[in-house]
Amino acid sequence: YKVRGATLRTENAAKPFTSPSSGVIATILSLAPFGSTLDYGCGKLRYAAYLAECSQSVLLVDSEEQISRTQALLGTIGSVRGLAPTMFRNASVANVDEFSTARAGFDFALCANVLSAIPYPAVRLRALSSIGIRLMPRGQCLVVTQHRNSYFAEAIRTRRAEKFGDGFLISGKRGTSFYGLLHRDRLIKLVTESGLAVSDAWIAGESSYVLARAR
């Protein structure tokens with residue numbers, strides 16, 4: 001994304017596979033088992049093992065940059081495209097463009113800490129809509145965002161962060177990154193506008209959760 005003359009590399013916002021959220025994992029396991037599953041914004045495969053374990057099939061989707069670059073993943077070095085299908089026999093990988101033309105339907109979709117890395121509301125809405133139209137009639141989607149983070153408070157205090165929209169731009173050694181803080185009510189509104197129906201919504205720690213279903 002281009003923001004105020006800077007290029008934002010959203011792949012840099014992906015958290016390591018060694019730090020999955022216990023709240024996300026607990027929710028996934030409470031809803032499982034699944035038939036076909038979508039991990040939209042799979043990043044560094046934080047939840048791939050859990051989804052693969054409780055699903056018949058898993059599609060891992062992210063930007064081409066994220067899934068093709070060489071990085072530390074699951075205790076080894078490689079790319080999401082190269083490693084995921086060999087580590088999880090029921091997993092396949094697609095970039096966002098490939099996903100946009102896919103015809104597969106999903107029983108469950110996970111969109112965890114993805115929308116927060118997107119600086120523009122319209123793009124967030126398109127992402128959620130693309131998930132919603134691919135849910136099976138009884139399919140469910142779990143959307144998770146962070147609504148509070150002490151790191152940003154410190155960054156603002158030291159003038160390393162600049163307010164932008166509902167989040168912050170932070171410049172560092174790897175370039176400029178964005179992180180939006182999306183509270184539950186804002187997330188509910190976004191999910192509803194995307195065409196999904198909200199089944200449940202809650203807050204756990206610094207994160208907001210919305211469980212939605214196809215209309």
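In the predicted model, L169 has F178 of strand β12 as its bridge partner. Strand β11, which covers residues 167-172, pairs with β12 in the antiparallel sense over six bridges. These two strands belong to an open sheet of three strands, ordered β10-β11-β12, with antiparallel pairing. Its edges are formed by β10 (161-164) and β12 (175-180), each of which pairs on one side only. On average, neighbouring strands in this sheet are turned by 25° against each other, direction ignored.

The largest nonpolar core contains 28 residues, and the members that touch the most others are I28, L45, Y47, L60, V80 and L110. At least two residues of this core come from each of α1 (22-31), α2 (48-53), β4 (55-62), α4 (80-87), β7 (91-95), β8 (106-112), β9 (135-146) and β14 (207-213). Leaving aside residues up to four places away in sequence, L110 touches V24, I28, L38, D39, Y40, Y47, L51 and L142. In soluble globular proteins, nonpolar side chains tend to be buried together.

Helix α6 comprises twelve residues (121-132); at 1.5 Å a residue it should span 16 Å, and because its end C-alpha atoms are 16 Å apart, the two values agree. Within α6, the buried residues are V123, R124, A127, L128, S130, I131 and G132. An α-helix has 3.6 residues a turn, so residues three or four places apart point the same way. The buried residues of α6 pack against the strands β3 (34-40), β8, β9 and β12, and against the helices α5 (96-100) and α8 (184-193).

How values were computed
Residues are numbered from 1 along each chain as its sequence is written. This is a predicted model: local features need pLDDT of at least 70, side-chain atom pairs count only at pLDDT 80 or more; totals for chains, interfaces and linings use all residues. Side-chain values use heavy atoms; hydrogens and water are left out. Two strands pair if DSSP finds at least two bridges between them. Helices (H or I, at least four residues) and strands (E, at least two) are DSSP runs, numbered from the N terminus. Axes are lines fitted to C-alpha atoms, for helices over the stretch in contact, and angles run from 0 to 180 degrees between N-to-C directions. A nonpolar core is a set of buried Ala, Val, Leu, Ile, Met, Phe, Trp, Tyr and Cys residues joined through side-chain atoms within 4.5 Å. Buried means under 20% relative accessible area, exposed over 50%, partly exposed in between (1.4 Å probe, protein chains only). Contact means heavy atoms within 4.5 Å. The expected span of a helix is 1.5 Å times one less than its number of residues.
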